[in-house]
Amino acid sequence: MASVKSAVRGSIQGTKPVFTAAYNRKWPHAYFRAHLSLDYMIPDRAGPVFERIFADYRRVRNKPRLKIIDIGCSYGI
């Protein structure tokens, strides 16, 4: 089973795009173009998950507003 997992991991990593050139630019246009060409959809899929987390946090902490810190989101978008 371990060899199957490592084979899958290797094939995924082998096809992972590199966005270094897009990250090193002043404006994110190249970053957006690169993701559009790959039909990138993680933000669309993750958005509802974060909204539920934020709603639960506001309810549990009784806070109408939250201060969110952007961590690891490239251009902070």
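**Exercise 1. Work out whether Leu 38 is buried, partly exposed or exposed, and find the patch it belongs to.**

Solution, step by step:
- Leu 38 has a relative accessible area of 44%. Keep in mind that we are working with a predicted model.
- Buried means under 20% and exposed means over 50%, so Leu 38 counts as partly exposed.
- Now place the residue: Leu 38 sits in the loop between α3 (29–37) and α4.
- Finally, look at its partners. Leu 38, Tyr 40 and Ile 42 make a nonpolar surface patch of about 290 Å².
- While you are in this stretch, check the backbone: Asp 39, which follows α3, has a positive phi, near 55°.

**Exercise 2. Describe which residues of α3 are buried and which are exposed.**

Solution, step by step:
- Start with the buried residues of α3, which are Ala 30, Tyr 31 and His 35.
- These residues cover an arc of only 130° around the axis, so they lie on the same side of α3.
- Turn to the other side of α3, where Arg 33, Leu 36 and Ser 37 are exposed.
- What do the buried residues of α3 pack against? Their packing partner is α2 (20–23).

**Exercise 3. Find the salt bridge in the structure and characterise its two residues.**

Solution, step by step:
- There is 1 salt bridge to look for.
- Arg 59, at 59%, counts as exposed.

**Exercise 4. Summarise the secondary structure and the surface of the chain.**

Solution, step by step:
- Count the elements: the chain has 4 helices and 0 strands.
- Reading along the sequence gives the pattern α-α-α-α.
- Next, burial: 8% of the 77 residues of the chain count as buried. Ala 30, Tyr 31 and His 35, from Exercise 2, are buried residues of α3.
- Lastly, the surface: the chain exposes about 7100 Å², and carbon and sulfur atoms supply 59% of that area.

Notes: Residues numbered from 1 in each chain as written. Predicted model: local features only at pLDDT ≥ 70, side-chain atom pairs only at ≥ 80, totals over all residues. Heavy atoms only, no water. Salt bridge = Lys/Arg side-chain N within 4 Å of Asp/Glu carboxyl O. Buried < 20%, exposed > 50% of the residue type's maximum accessible area, 1.4 Å probe, protein only. Helix = DSSP H or I, 4+ residues; strand = E, 2+ residues; numbered from the N terminus. Areas by Shrake-Rupley, 256 points an atom, 1.4 Å probe, with all protein chains shown as cover. Patch = residues over 30% accessible without salt bridge, like charges linked within 9 Å, V, L, I, M, F, W, Y side chains within 5 Å. Arc of directions from axis to C-beta. Contact = heavy atoms within 4.5 Å.
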